[in-house]
Structures are given as C-alpha cells and as structure tokens.
Amino acid sequence: MLKTHVCGDVNFDNIGDVITLAGWVHRRRDHGGLTFVDLRDRWGIVQVVSDPNYEKSHEIMTKLRSEYVVSVTGVVRARPDGSSNPDMLTGEIELVAQEVEILNSSKTPPFDINKFSKVDESLRQKYRYLDLRRNHMLKNLSLRHDIVCFIRNKLSDYEFIEVETPILFKTTPEGARDYLVPSRVHSGKFYALPQSPQQLKQLLMVAGFEKYFQIARCFRDEDQRGDRQPEFTQLDLEMAFVEREDILNLMEALVVDMVSDLTDMKFQEKPWPRFTSEEVLSRFGTDKPDLRFGMELVDVTELVSDSDLRIFSEAEVVKGIRAEKCGSFSRKQIDSLTEFVRNYGAGGLAWAIIGDDGTISRSSFMKHLQIEIQNDIVKKMEGLTGDLLLFVASSKEIVHESLSNLRLKISNETLDLDPNILSFCWVIDFPLFNWNHEENRWDPSHHLFTSPMIEDIPLLDRKPGEARGSQYDMVCNGYEMAGGSIRIHERELQKKIFDLIGLEEKVALERFGHMLEAFEYGTPPHGGIALGIDRLAMLLAKEKNIREVIAFPKSQQASDLMVGAPSDVDLDQLSDLNIQLSLNKE
C-alpha cells in the first residue's frame with residue numbers, strides 16, 4: 001500500500017508516530033511561511049503542515065493545488081493550543097510533512113468539491129467522477145452500501161438463498177417497454193433486458209428453493225422522473241408455502257430493523273397501518289398517500305347535488321380538501337392553484353374561505369348554495385376560522401388525481417414536514433383487473449401472474465371486475481417503495497387469466513409456455529415482493545431525487561452525459577447483427 005493509515009483513523013494515539021497518508025488536496029492555505037494542506041481520502045481529512053527544516057517537501061507543498069493527488073510521510077503531533085478543530089474527527093492532531101510526493105496533478109475542477117454549492121445538474125452528471133468526490137455523495141453511497149449489506153445479512157439469517165438470474169431474457173411485451181438486445185448468433189431475434197426477474201423467481205419456487213432473494217438489476221424503457229431511472233436496483237424476494245401475512249410481516253420487520261440500525265429516523269406509526277386500495281383512493285386520491293399530514297379528501301357530492309351550479313349538480317363526484325390556515329391566500333395564489341388542477345383534467349377549482357364566525361365569508365360559489373348547505377359543507381369539512389376549502393367536480397378519476405396532487409403541492413408550500421419521520425403503510429385488496437376501454441378488454445392491474453383472492457375466484461366467471469387481486473404495496477411518504485403479490489401456481493387458473501385479458505392461446509404459449517408447463521410439475525403456493533433499493537436509499541438519505549443515491553445515473557432524457565450514451569455504432573457492428581437502420585428524417 002502507498003499509505004500506512006487512512007485519514008479518518010489518525011488520532012491522539014498516533015502522536016509521535018511516523019506515518020504515510022495518501023489522498024487528494026482538499027484545501028491549501030499559506031500562513032506566514034508555512035503551508036497547510038487538508039488531505040482527504042474516503043475515510044476523512046487530516047491537516048498537513050509543512051516544516052521548513054525539510055526544504056524539498058516544504059517547497060513542494062507551496063505548489064500543491066486543489067485535487068492534486070499526493071503522498072505525505074511525516075510525524076503526527078497535537079495541534080498547538082487554540083488551533084484544534086472540534087468539527088473534524090482529526091481536529092486535534094496534524095501531520096508534520098517530511099516527504100511529499102505529487103502522484104498526479106489536477107486541472108481546476110469545474111465546480112467546488114471542498115464545499116457544498118449549487119451546481120447545474122447537467123454539469124454534475126458530465127463530471128460525475130468529480131461530483132462523487134463531494135462528501136454528501138460519499139455519504140449517500142455509503143448508506144446505500146449499508147442498506148444492501150443489511151438486507152443480505154438479515155435474509156441470510158432467515159435462511160434465504162441469493163440466486164443471480166439472467167440479464168439476457170425473453171421479451172414478453174406487457175406493461176412498460178422492454179430494452180431489446182439483438183442476437184448475432186440467431187439472426188433477426190432479440191433478447192430483452194429484464195423489467196424484473198418475475199418469471200425466473202417463480203420458477204425457482206417450482207425448483208424447490210422455497211426462500212430466494214436477489215439484489216437485482218432491472219430495466220424499463222419509460223419516461224423519467226425524480227424517482228425513476230431506466231435501469232434500477234431492487235430487492236427481489238420470493239417464498240413458497242406462504243400467505244400474504246407472512247410476506248408483509250417479514251418485510252415490515254426487515255425495514256423497521258434496518259431503519260433502526262442504520263439511521264436516526266423515526267416511524268410515525270408502528271405497526272404500519274393497512275388500507276384497502278378503495279379506501280386510500282377515497283381518502284387521499286392516490287394509492288401511494290403521504291400520511292405525514294391530513295388534508296384528506298371529503299365527499300360533498302350529495303350536499304351540492306341540487307345546486308343550480310351545473311358543474312356541481314352534473315358531476316359524477318364533488319370532493320374537497322381543507323387547507324388549514326390558508327384563508328389568507330390571495331386571489332392570485334388561488335388562481336394559480338386553479339391552473340394547477342387543470343393540468344390533471346379538472347375544469348376548474350371551487351373555493352371558500354372560512355371567516356371569524358366559523359362560516360363561509362368568501363367563496364366562488366356562495367350564491368349558488370343556500371346558507372344551510374354552506375354550513376353543512378363547513379361542518380363536513382371540519383372547517384375552522386382561517387381555513388381555505390378547495391373543491392373539484394368531475395369524474396372520480398379526475399377528482400382524485402387533481403386533489404391528490406393539489407394536496408401534495410399545498411403541503412410542500414405551507415407545511416414544514418419533518419424529513420426524519422417515516423410514515424409507512426400497506427395498501428392491499430387491489431382490483432385484479434382494470435377495464436381497457438380502448439381495447440375493450442380487461443387488463444391485469446398488477447401483472448399476469450397475480451393470484452385472485454381465493455374467495456373471489458368464483459367472480460372470474462361472472463363479475464371479473466369485482467375480483468380482488470392478492471397484491472400488496474408498501475408505501476412511505478408518498479412513494480411506492482415495494483410491490484408484490486401471491487402468485488398463481490395452477491395451470492388452469494393461469495390459463496383462465498390469459499383468456500380474460502384476451503391473450504390468444506397461441507400467443508400465450510409462445511410467450512409463457514414455459515410457465516404453464518412448469519405449473520404441471522408440482523408448483524407450490526408462493527408469493528413475493530420487490531423493494532426499490534434506489535427509492536429506499538433516497539428516502540433514508542433524505543434526498544428528493546434518486547440520482548443522489550446512484551453512482552452513475554441517467555439524465556431526465558435517459559442519457560449518460562459523462563460518456564455520451566446512447567451513441568452511434570459502427571456499421572460493421574450492425575452488419576454482424578444483420579441490422580440496417582432506417583431513420584425517418586424530417
């Protein structure tokens with residue numbers, strides 16, 4: 001090794017020792033003929049001071065600049081009285097340089113590395129190898145490492161076995177788009193990068209492994225956002241001979257223990273509450289609610305059904321939220337909220353402000369409702385003096401989407417939510433199917449292999465829209481953290497699901513024949529879940545974007561700005577694959 005110690009480990013016990021450190025120049029300062037350098041490695045920072053008695057090293061230290069890579073040999077001593085730094089782990093000692101070697105110089109970095117500063121996101125990604133030198137990125141990736149280690153150790157203690165599944169798999173076009181990989185050996189045919197190891201982990205249950213997990217890389221060709229990347233990592237887990245409760249209890253215990261061991265964060269509620277999907281949609285407008293605050297949706301449809309305001313009387317649903325102490329909002333602010341909900345299909349936003357006497361003092365709809373109805377609305381909304389009531393009238397889907405997003409917007413702007421609080425919950429009892437109006441058929445709400453609730457299987461023949469799936473989602477602070485289900489393990493039931501979603505037998509056999517055949521060889525009841533490592537790390541690191549916990553993420557346009565991917569390829573490479581490009585140029 002080119003170093004005898006790492007910076008973070010040097011302390012009072014080393015006083016008088018001759019040691020060698022190596023790392024990056026974090027900061028350099030010249031004071032009255034002495035040069036001070038903060039030397040940084042992954043483990044910490046040590047102050048190095050030049051000694052005029054060692055002329056060569058003294059001279060070299062005057063030439064050092066930020067981010068030079070250097071090796072320093074010297075004697076550890078206590079800092080002089082009054083010069084210690086309590087904010088540094090090594091703030092009571094310093095290294096007196098006797099030998100200094102410049103291992104590599106550095107150009108001036110395009111942004112500050114030795115202090116936090118706001119840097120353009122595209123610049124950070126272009127120079128990601130420099131961005132990763134910054135302390136907060138090191139802390140985030142170290143936390144991510146700890147999360148993965150904790151999962152591996154805990155599940156190994158529970159007698160799970162980690163199995164790697166293939167990255168080159170078969171395309172089964174359902175849900176998000178696949179990333180396709182052309183085959184050179186099999187001309188005209190393609191592999192697909194896995195959106196998840198779903199089929200493979202089920203086949204491991206057929207194989208008798210019973211408890212499987214994997215820290216799995218997955219790929220989905222879909223639009224990007226703050227909590228989504230084209231390639232991502234998940235804890236993939238499957239168990240045989242289990243019911244829903246077994247998986248929920250296991251995962252809840254795993255996450256609770258992890259958070260307690262690795263962070264100082266607190267849970268808003270334990271054990272985690274459970275909601276049906278119907279309940280969370282009714283109360284919060286979304287199946288991934290942020291439960292750290294109230295502002296629940298309240299249904300006032302019946303109260304306004306006789307209104308002469310047609311937008312109320314003719315709407316399928318009228319719901320509202322109570323924005324506590326927001327009655328001071330200006331008309332301009334309210335108008336901006338109206339424009340906001342129009343982005344989600346709402347025709348507008350009705351509003352009312354509650355005055356000092358506890359009744360509506362100003363409103364966009366007062367003249368259309370009798371005083372008694374107005375008072376009933378205030379009572380049902382549990383409105384108090386100074387509150388702002390906001391209503392959307394439309395279809396159930398538009399009302400829920402508009403108000404759920406409006407609820408988040410107002411909370412972000414008016415509430416000081418504690419980032420140390422984790423409000424986890426489970427959402428269960430999802431519909432097994434959603435009706436596809438464009439294709440005039442049923443679509444699975446989760447995926448093709450989700451089992452119906454046992455008691456709802458008879459509904460498949462007469463009322464499939466009322467059948468519930470054995471799906472479950474883990475939600476925290478407005479993010480879906482994990483999702484899973486009990487799986488179908490019988491060929492006939494799986495075939496029935498294929499028939500209900502309009503998957504022709506020939507196509508089903510071509511895409512999933514291996515699964516149907518496997519179900520004929522003694523497949524046990526089984527179920528599983530997938531937990532997003534990126535989102536979990538983002539939440540525990542108190543970040544707002546998963547790029548902050550991924551070493552080399554893609555941009556909003558799914559590009560790698562550092563290396564320039566995706567990129568053109570040589571025509572010879574395409575020729576080997578028997579591929580010819582035909583690009584439409586407009």
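**Salt bridges in a predicted model**

Glu-279 is partly exposed, with a relative accessible area of 29%. The side chain of Glu-279 meets that of Arg-283 in a salt bridge, with an N to O distance of 2.8 Å. Both residues sit in helix H7 (residues 277–284); because they are four residues apart there, about one helical turn separates them. Arg-283 is likewise partly exposed, at a relative accessible area of 26%.

Asp-257 and Lys-154 form a salt bridge through their side chains, at 3.6 Å from N to O. Here the partners come from distant parts of the chain: Lys-154 lies in helix H4 (residues 135–157) and Asp-257 in helix H6 (residues 244–262), 103 residues apart. Asp-257 has a relative accessible area of 29% and is therefore partly exposed.

Arg-468 forms a salt bridge with Asp-429, and their closest N and O atoms are 3.6 Å apart. Arg-468 is partly exposed at 25% relative accessibility, whereas Asp-429, at 16%, counts as buried.

Beyond such pairs, salt bridges with shared partners join Glu-121, Arg-124, Arg-128, Asp-131, Arg-134, Arg-547 and Glu-548 into one network. In total, the structure holds 43 salt bridges.

How values were computed
Residues numbered from 1 in each chain as written. Predicted model: local features only at pLDDT ≥ 70, side-chain atom pairs only at ≥ 80, totals over all residues. Heavy atoms only, no water. Salt bridge = Lys/Arg side-chain N within 4 Å of Asp/Glu carboxyl O. Helix = DSSP H or I, 4+ residues; strand = E, 2+ residues; numbered from the N terminus. Buried < 20%, exposed > 50% of the residue type's maximum accessible area, 1.4 Å probe, protein only.
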